[in-house]
Every structure is written in C-alpha cells, then in structure tokens.
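Hi,

Here is the structure I promised to pass on. Have a look when you get a moment, and my notes follow below.

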Amino acid sequence: MATAMFRSSIGSALRGGAPRVTPASKRTFASHSSVHEEAREAAKWEKITYVGIVSCTILAVINLSKGHPHSDEPPAYPYLHIRNKEFPWGPDGLFEIKHH
C-alpha cells in the first residue's frame, strides 16, 4: 500500500498536479470534537496554566520570605583542617608594601 501511494504521488508530481487529499489520508485527531469543544478545552487549559503560575509564584514568595537560620559560628567540620600558624613571611601579606 505504501508503494502504491508513493507511485501515485510520484505520478501526480510528474503530471504537474497537486497531490490528492483523500479522507483516508487526511489526519484526524483522536477526539473528533467540534470547533466549539476544542475552544472550550483550550480555554480550560489556559485557565489551569494561569492558576498554576499564580500558585507556584505564591509558594515561591512564601518560601523565599522565610529566610534561613544563621548561626554565629560555623560547625566544626574536621575536613576543613584550618591552620592557625603564622605565615613564614610575617603577619603582612607576601606582596604587601611595608611602610617604614
């Protein structure tokens, strides 16, 4: 069947005619609904989208306005391995200009 459709489309193209659209080759959607039903469905999903946008925005504002707890000292993680030893070149930075 595919080869027959291919041959007919090639033949039609060679004759200069437009390809024929038969009811069997026309694409139909699964719902087979009318224009009014499709418009209602589109309006319904548009409203659902707007409600979702508003609700997500409200939840984001609520969550971001709470903030997060601060502590004075960071937790003592053993992997930080903080060294409190003086630098070998003194308390100033290595490239600091010393004023006499």
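To start with a question: where is the place of Leu94? Leu94 sits in the segment after helix H2 (35–66).

Before the rest, two words on the basis. This is a predicted model, in which local features need pLDDT of at least 70, side-chain atom pairs count only at pLDDT 80 or more, and totals for chains, interfaces and linings use all residues. Residues are numbered from 1 along each chain as its sequence is written, and side-chain values use heavy atoms, with hydrogens and water left out.

The chain has two helices and zero strands (DSSP runs numbered from the N terminus: H or I of at least four residues for helices, E of at least two for strands). Of its 100 residues, 3% count as buried (buried is under 20% relative accessible area, exposed over 50%, partly exposed in between, with a 1.4 Å probe and protein chains only).

The whole structure holds one salt bridge (a side-chain nitrogen of Lys or Arg within 4 Å of a carboxyl oxygen of Asp or Glu). Lys44 forms a salt bridge with Glu41, their closest N and O atoms being 3.1 Å apart. The two are three residues apart in helix H2, so about one helical turn separates them. Lys44 is partly exposed at 38% relative accessible area, and Glu41 is partly exposed at 37%.

Best wishes
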